[in-house]
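Work through the exercises below with the structure in view. Try each task before you read its solution.

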Amino acid sequence: MFESIESVQRRLGEQGYICGKNIATVVYLAYRLEKPVLVEGPAGVGKTELAKVVAEATGRPLIRLQCYEGLDEAKALYEWEYSKQLLYTQILKEKFSEVMAGAKTLREAADRIGAEDSIFFSDRFIVPRPLLRAITSPSPALLLVDEVDKSDPEFEAFLLEVLSDFQVTVPEVGTFSAKVRPLVFLTSNDAREMTDALKRRCLHLYIDFPTEAEEIRILDVKVPGIDRRLAEDLVGVMQRLRKLDLKKAPSISETLDWARALLALNATQIDEELVRETLNVILKYEGDIRKAHSELGRLIVRKAEPPKPAAPEGKPAAPAAAQPAGPATPEPPKKGTLH
Amino acid sequence: MQKKILEFTNLLRKSGVRVSVAEAIDAFKALDVLSLDERAVFRDALRSSMVKRSDDIQTYDQLFDLFWSGFYDNLRDAFENMAGDLEAQGIDLDQLMRMLQEQLEKLEPGSLDLSELARALLTADLSQLEQLIREAGEQAGVSRIENLLQIGFFSRRMMERMNAEGAAQELRDLAERLRAQGLSDDQVEAIRGLADRLLEALRRSIRSFTERELQKQNYDYMERFRRETLTEKSFYHLTEDEIRQMREVVTRLAQRIKSVLSIRRRRLKKGKLDLHTTLRRNMARGGVPFEVAFKHRKKDRPKLVILCDVSSSVANVSRFMLQFVYSLQEAFTKIRSFVFVSELGEVTQVFRDHDISEAIEKALDGGDVINVYTRSNFGQAFHCFWQNHLSAVDKRTTVLVLGDARNNYNDPRAWCLREVKNKAKNLVWLNPESPGAWGFGDSVMDKYLPSCDVAEECRNLRQLSKVVDRLVL
């Protein structure tokens with residue numbers, strides 16, 4: 001499926017996921033070595049997205065397990081379907097009497113029932129939960145264990161068996177082993193350090209905020225129709241924002257939201273007022289917003305305008321001309337342009 | 001290659017990165033399925049299979065650069081420098097080399113019997129040289145280097161192992177033989193000069209090789225030294241930069257308290273049978289209780305009340321303590337923070353509304369919350385707390401006092417603290433002074449001691465984290 005690191009990069013790119021070589025390398029390794037990947041990094045840099053896109057690119061079904069505090073094996077591994085068992089006993093009541101007909105002693109009756117009891121504890125009555133489903137899936141699947149750091153330490157222990165041997169043990173039935181090993185992605189926001197035992201079984205991938213060039217490319221792909229210059233300015237602001245000491249630095253998802261918001265507002269260039277009005281799209285804490293406001297002047301650094309000697313007094317006439325004709329009146333060019 | 005990777009693994013371990021055997025094997029497996037012509041791929045492959053903690057990534061990257069690269073560059077620099085020197089003297093190295101090659105070809109084949117090193121030097125074959133230097137380094141046991149003073153020793157030893165002098169002599173002899181072939185004196189002189197310079201370049205490269213080795217071996221030492229000194233350093237003497245680093249550590253500490261507490265909460269989860277929920281849940285099975293539900297015991301969410309002394313005598317400490325308080329407040333919901341000098345003021349809301357540095361400025365800056373330019377008076381502060389805020393304390397509350405108990409000979413009013421203690425679950429006092437000084441001079445710590453469940457010296461990060469452990473467990 002994936003022949004090389006480049007092919008990973010290309011195929012994820014086809015799905016609209018722009019990634020650097022480091023990400024592609026780890027994905028390729030995971031694919032070739034059949035090892036789980038533990039993906040860490042700040043919120044919103046596309047950890048979950050990566051798993052989805054890999055599933056998409058490899059044509060595997062995505063089986064997702066969302067972790068939360070209190071998640072237990074009944075919800076993650078398997079569960080006995082009690083009501084179905086109950087129903088079956090009701091329906092099969094007559095059959096039971098048939099089986100037991102002729103039994104002379106109590107012991108004999110019990111033995112006969114005992115010989116049949118395996119039908120009640122068989123696959124028939126097991127509800128497979130995501131982990132078991134990923135293991136028993138006849139075609140190779142992709143298992144996404146999302147936000148594994150939110151789960152309890154005990155839950156990690158369940159995961160270990162799955163991750164290292166790709167098998168699940170159900171005491172009453174036996175061990176299910178994977179016919180085809182699923183590709184496993186675990187994501188973590190670092191709310192809690194995962195145990196070494198878990199980490200040892202995984203490849204580790206740390207996704208950081210993208211570089212400026214990468215982020216511009218992501219914008220190009222994800223927000224079609226965005227003006228190149230607007231994208232560059234916007235990404236510039238984001239990159240500088242991340243350098244501020246914020247409670248929650250804005251990540252890629254915020255960049256995309258913001259770009260879409262600006263498009264909806266028919267903005268063609270970034271100026272102080274526009275940023276001030278739309279800052280709440282990218283920053284989610286009151287304190288952060290206030291801090292960004294006070295730094296606004298420094299956030300918006302115009303790249304040197306392409307030299308236009310004809311334009312007097314450096315009026316930014318160019319962007320206004322570049323704007324697609326539409327009902328929205330272009331903003332007056334003198335307003336809020338920073339140099 | 002295998003050997004080098006194992007060596008690198010060892011180096012990582014030495015530097016405090018945990019790499020298990022299984023992980024090292026994974027690294028080999030990973031390299032098997034990759035083509036290694038790209039450095040970045042190689043680095044990422046090793047990293048993803050061996051380094052699993054994001055904290056270690058920085059260490060890894062630095063070690064990787066030290067280990068896997070650079071020396072070749074050093075070598076090239078040394079030889080380029082040499083070429084530059086020669087050029088300054090009006091000698092073109094390329095031309096000289098070419099002339100030399102021509103002359104060598106004229107020699108009868110087989111009569112030229114040069115050592116490997118001499119040959120590598122003559123042809124300026126840098127990769128061959130690198131190989132030779134590495135081998136010599138291994139023979140000389142350069143990886144045992146421990147300090148700066150040994151650089152000379154190991155460099156000399158490597159020179160000996162390589163027989164560098166011998167190679168230089170060979171080159172000089174060669175020059176003589178070429179003279180016999182009819183080379184002019186100038187040319188012979190140039191070749192002899194070249195031999196000296198080659199030797200010098202080699203010596204320099206070897207020296208830089210040992211220096212790099214020292215850096216590698218000492219990376220961990222220097223790092224650990226830096227970190228340890230930070231945790232040991234008294235809060236009284238912190239620089240701006242250190243305070244910033246401290247902040248990260250403190251935040252992590254507060255985070256740890258929180259995670260420990262949440263685990264504790266979960267252990268207490270199973271309580272009495274919850275009949276209502278059990279019936280509801282099992283209605284689908286005709287009321288047969290297949291799944292039982294339990295009443296959750298009330299969550300034991302600890303309450304915290306913090307009284308922090310911010311007088312000038314503990315200026316640096318209190319700044320730091322306030323950071324700690326701030327981080328705690330982010331981790332807990334039921335927490336109230338107060339600061340005092342002689343009067344007492346609540347800063348819970350201030351901390352909640354502002355970000356950390358602003359909040360601390362506000363708490364410390366005179367006038368906003370309390371007047372900080374008076375002389376500290378613990379008695380009055382405690383009295384004020386007892387009078388106005390005693391309702392904040394109940395049976396589940398831990399009261400945390402941070403201060404040096406230097407009371408300026410005011411009335412300690414120890415009974416106020418005792419009253420508070422009687423109402424609280426426990427009372428913890430963290431004092432930046434060592435126990436030896438308690439009760440001497442204007443310190444009234446001895447008066448307060450009977451009212452404290454725990455009283456600890458807390459002057460640096462290590463002590464603080466120890467106290468934190470006791471606090472939560």
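**Chain A overall**

In chain A, 76% of the contacts with a separation of 6 or more join residues 24 or more positions apart. Two residues are in contact if their C-beta atoms, placed from the backbone, lie within 7 Å. The model is predicted: local features need pLDDT of at least 70, side-chain atom pairs count only at pLDDT 80 or more, and totals for chains, interfaces and linings use all residues. Residues are numbered from 1 along each chain as its sequence is written, while chains are lettered from A and ligands numbered from 1 in the order in which they are written.

**Exercise 1.** State how many helices and strands chain A has, and what share of its residues is buried.

*Solution.* Start with the secondary structure. Chain A has 17 helices and 9 strands. Helices (H or I, at least four residues) and strands (E, at least two) are DSSP runs, numbered from the N terminus. Next, burial. Of 339 residues in chain A, 32% are buried. Buried means 20 or more other C-beta atoms within 10 Å of the residue's own; 12 or fewer is exposed, and in between is partly exposed, with C-beta atoms placed from the backbone.

**Exercise 2.** Find how the axes of H1(A) and H2(A) cross.

*Solution.* Locate H1 (residues 5-14) and H2 (residues 21-33) in chain A. Their axes come within 8 Å and cross at roughly 110 degrees. Axes are lines fitted to C-alpha atoms, for helices over the stretch in contact, and angles run from 0 to 180 degrees between N-to-C directions. H1(A) is therefore roughly perpendicular to H2(A). That term covers 65 to 115 degrees; under 35 is roughly parallel, over 145 roughly antiparallel, and the rest oblique. Now list the residues. H1(A) brings A:Ile5, A:Val8 and A:Gln9; H2(A) brings A:Lys21, A:Ala24, A:Thr25, A:Val27 and A:Tyr28.
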